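Open the model in your viewer and keep the sequence beside it. The stops below go from one selection to the next.

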Amino acid sequence: MKKYLTYLLWLACLFFSACEEDNCPPNALSYATFSFVNEKGEKVAYKDSLTVVGCTEFSALNTSRDTIINRQTNTSILSLPLSYGKQTIFLLHYMNIGKTDTLIIRHNSNPAITNIECGSMMFHRITQVETRASILDSLVIINPVVDNYEKENCKIYFTANRDN
């Protein structure tokens, strides 16, 4: 009888530990998604070689620069991480024509925890966008919420008479 109860207890422990569900999201990273469009709002691809550098300013004397995309061609969508601070700057280097556009994204960052096993995620809300443009026309916020669901957040407008 004692052996039977031990076996039953062991089986019950095995059953309950196997019933744990994994409720972690499949993607714990959040990226801002930028689509390239023409003046009519139709998706376009930038054919030239494009390099994207992310800049984070910690202070006036301390700035970090990281290459996020290096010489990508035929680009129509950019998925870019935002910093945990209040502002992220992206430099879009059009390699073959030697021009650069600057995207300034101001945002609020909010940590999110779904459950203790999954760890934390950082979500953002874009509050303002600004450009210093060489070849792009404008930057418009479509959906300000940047979370781990991949959706369009901003449109980058190019005009048809520019060489892209």
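Select S35 first: opposite S35 stands K155 in β10. This is a predicted model. Now show strand β10 (residues 154-158) whole, together with β1; the two run parallel and are joined by four bridges.

Colour by pLDDT next. The protein chain has a mean of 82, with 77% of its residues at 70 or more.

Four strands make an open sheet in the order β4-β1-β10-β8, and the pairing is mixed. At the edges are β4 (77-80) and β8 (136-141), each of which pairs on one side only. From one strand to the next, the twist averages 20°.

Turn to the aromatic rings, where the count comes to four pairs. Select F34 and F90: their pair is edge-to-face, at 6.1 Å centre to centre with 75° between the planes. F34 belongs to strand β1 and F90 to strand β5 (residues 87-94), so this pair ties together parts 56 residues apart in sequence. Both F34 and F90 are buried.

Then select Y46 and F158. The ring centres are 6.3 Å apart and the planes lie at 20°, so this pair is stacked. Y46 sits in the loop between β1 and β2 (50-59) and F158 in strand β10, so the pair ties together parts that are 112 residues apart in sequence. Y46 is buried, at 2% relative accessible area, and F158 also counts as buried at 2% relative accessibility.

Key:
Residues numbered from 1 in each chain as written. Predicted model: local features only at pLDDT ≥ 70, side-chain atom pairs only at ≥ 80, totals over all residues. Heavy atoms only, no water. pLDDT = per-residue confidence, 0-100. Pairing = 2+ DSSP bridges. Axes fitted to C-alpha atoms, helices over the stretch in contact; angles between N-to-C directions. Phe/Tyr/Trp six-rings, centres within 6.5 Å; stacked < 30°, edge-to-face > 60°. Buried < 20%, exposed > 50% of the residue type's maximum accessible area, 1.4 Å probe, protein only.
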